[in-house]
Amino acid sequence: MTRDAAHSADVLVIGGGLAGCWAAIAVAEAGGRAIIAEKGWCGTSGVAATAGPGHWFISPEGRLREDAVKRRLQMAQGLGDAAWMNRILERTWTTLPRIGTHYRHVPDDSGRIRHHALRGPEYLRALREKAIAAGVCILDHSPALELLADARGAVTGARGVRRQGPESEWRVHAGAVVLASGGCAFRSSLLGAANNTGDGLLMAVEAGAVLSGMEFSAYFTVAPAGTTMARTMIFAFARYRDARGRELPTPGPGDNRALARALAEGPVLCDLSRVPDDIRAQLPQISPNVAVTFRRLGIDPFTTPFPVALIGEGTIRGTGGVRVADAGAGTSVPGLYVAGDVASREPVTGAVSGGGAVNAAWALASGCIAGEAALAHARSRGPGTTHDGLGRVGLTPGTDDDAVADAVRTRMLAPLSQYDRNAAGLRQDAAALDDAWRALSTAPPRQPDARARQRAREVAAMTATARWVTASAAARNETRGMHRRTDTSASLPPFHVIAEGLATPRTRLQAASS
Ligand SMILES: Cc1cc2nc3c(=O)[nH]c(=O)nc-3n(C[C@H](O)[C@H](O)[C@H](O)COP(=O)(O)OP(=O)(O)OC[C@H]3O[C@@H](n4cnc5c(N)ncnc54)[C@H](O)[C@@H]3O)c2cc1C
């Protein structure tokens with residue numbers, strides 16, 4: 001029986017969700033050899049697989065795109081980039097309908113095909129099939145643990161563990177790597193996000209890349225209490241009452257602060273009786289998970305109020321991630337490209353969430369763009385030689401890993417303190433997270449137990465991500481978008497907060513126009 005498996009490819013894609021699948025398909029369709037290494041099972045893994053993703057999908061006719069970009073630039077609060085917005089609009093428009101080779105579009109009541117709105121489970125399954133048909137090799141149940149680099153620091157592949165089958169480790173030597181490992185939800189119970197522990201952010205910083213916009217991560221979604229059902233669409237019609245029966249103000253888009261405050265006082269009940277009949281009728285098709293959840297609870301949600309909770313999304317429907325350094329979704333590290341939620345989406349969403357349309361379009365388009373640029377890099381570079389592991393922390397299980405994860409979750413999944421940030425609270429968070437960081441194992445890798453090694457690396461990634469979020473939130477001494485500071489009323493010219501550094505997180509400010 002083999003213990004290790006070695007592979008080679010032009011481009012290794014880490015993560016087989018929305019962005020990773022599109023990236024690998026783009027590589028294969030351009031004639032390159034692509035491998036996807038996926039922590040779970042490509043086709044059901046990733047946050048889009050449980051959702052009903054709508055895409056930012058706008059025709060080039062007339063002024064439609066110009067107007068859409070203008071609106072998004074306003075929403076981005078000074079941090080958006082019109083060139084990136086136009087790039088993803090064009091790519092999404094030309095590419096998304098091509099999923100039709102493997103996805104069954106169903107016409108709406110007027111007989112139209114709505115290309116922009118897809119059923120998540122079938123979309124992801126279609127992407128897997130399309131990738132395989134294009135010649136992509138998929139390593140399922142194969143979390144990447146660390147990147148590999150040549151003697152000059154260019155990224156040349158990755159190494160990870162196999163959670164199924166005879167091999168315990170895998171290693172891919174590649175001309176370039178696309179990180180598509182999603183955002184970080186700090187192991188909240190967000191549906192579909194169990195694997196989203198910030199691994200790609202850690203790997204990128206270990207390689208020398210920088211992050212941006214990590215402070216834009218205070219995003220919490222409503223779900224029926226005790227469930228993972230963070231589907232937001234029906235909650236747009238919700239009314240809420242606090243523990244004393246008082247109706248709460250209607251939450252604004254993505255802003256559940258009032259709910260967070262009421263939940264700190266006691267249970268909050270949700271009333272969905274205002275959901276229109278046509279949406280009730282369509283719900284089982286659009287979001288099959290919703291009906292299942294309420295059936296299990298034994299509740300008719302449209303007639304019976306039910307208690308709700310808030311679930312943290314971190315950088316998923318937040319915005320921050322690895323800073324994109326060029327128009328090919330490259331980073332500041334040669335051979336390393338980023339796509340989807342692992343990348344900072346500031347260029348297309350700025351300080352507000354891109355959930356609902358822009359994030360999915362970004363995942364698709366940045367995936368294709370990164371895949372093609374990575375292939376061009378691989379072809380220009382030729383075969384690499386030296387391959388050093390870049391991982392620095394969490395490569396072997398530590399005795400305190402569970403306690404470390406709990407400490408991180410306590411800080412990052414507390415809606416009130418994340419929604420309403422101030423310098424003193426952020427200092428306390430930073431001190432607690434520094435303690436957590438010191439408790440992580442830095443021992444060299446041991447061979448056994450793939451699952452424990454995966455878990456150890458996830459805890460390290462979550463801890464590192466929490467420290468970059470906290471340092472970035474402290475550095476942005478103003479309120480902008482989803483980042484709110486209660487201890488200052490400053491309103492500053494637009495700037496980005498760049499975060500880097502592993503042992504000690506560092507931040508610097510960069511004017512938005514530069
Ligand atoms: C409930 C919900 C609804 C949403 N609806 C919309 C919408 O309607 N419109 C919209 O624009 N956006 C929406 N979004 C956001 C959108 O789904 C995401 O932006 C998009 O799915 C991101 O794709 P991704 O591939 O970057 O990340 P993911 O889909 O999270 O995929 C990342 C993949 O990487 C894998 N992975 C992680 N770590 C590793 C590792 N170390 N090694 C190997 N693999 C790894 C994971 O298992 C996962 O499969 C929604 C999000 C949620 C949570």
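At what distance does a polar side-chain atom of Asp199 lie from a nitrogen atom of the ligand?

Modeller: The distance is 2.8 Å, from a polar side-chain atom of Asp199 to a nitrogen atom of the ligand. The model is predicted, so local features need pLDDT of at least 70 and side-chain atom pairs pLDDT 80 or more, while totals for chains, interfaces and linings use all residues. Residues are numbered from 1 along each chain as its sequence is written, and side-chain values use heavy atoms, without hydrogens and water.

Asp199 is one of 39 residues that surround the ligand (each has a heavy atom within 4 Å of it). Among the closest are also Ala19, Glu38, Asp341 and Ala360. A backbone N or O atom of Ala19 is 2.9 Å from a ligand oxygen atom, and a backbone N or O atom of Lys39 is 3.0 Å from a ligand nitrogen atom. On its own the ligand would expose 1,000 Å², and the protein buries 98% of that area (Shrake-Rupley method, 1.4 Å probe).

Helix 10 provides the largest share, 4 residues. Sorted by class, the shell holds 18 nonpolar, 14 polar and 7 charged residues.

Next come the aromatic rings. The structure contains 5 aromatic pairs (ring centres within 6.5 Å; planes under 30 degrees apart are stacked, over 60 edge-to-face, the rest tilted). Phe294 is buried, at 3% relative accessible area (buried means under 20%, exposed over 50%, partly exposed in between). Phe306 is buried as well, at 1%. Together with Phe235, Phe294 and Phe306 make up one aromatic cluster.

Charges also sit over rings. Arg128 lies over the face of Trp41, 3.8 Å from the ring centre (CZ of Arg or NZ of Lys within 6 Å of the centre and within 35 degrees of the ring normal). The charged end of Arg476 is placed over the ring of Phe495, at 4.2 Å from its centre.

Notes: A polar contact is a pair of N or O atoms within 3.5 Å; within protein, one must be able to donate a hydrogen and the other to accept it, and residues adjacent in sequence count only if both atoms are side-chain atoms. Helices (H or I, at least four residues) and strands (E, at least two) are DSSP runs, numbered from the N terminus. Ala, Val, Leu, Ile, Met, Phe, Trp, Tyr, Cys and Pro count as nonpolar, Asp, Glu, Lys and Arg as charged, and the others, Gly among them, as polar. Rings of Phe, Tyr and Trp (its six-membered ring) pair if their centres lie within 6.5 Å; planes under 30 degrees apart count as stacked, over 60 as edge-to-face and the rest as tilted. Buried means under 20% relative accessible area, exposed over 50%, partly exposed in between (1.4 Å probe, protein chains only).
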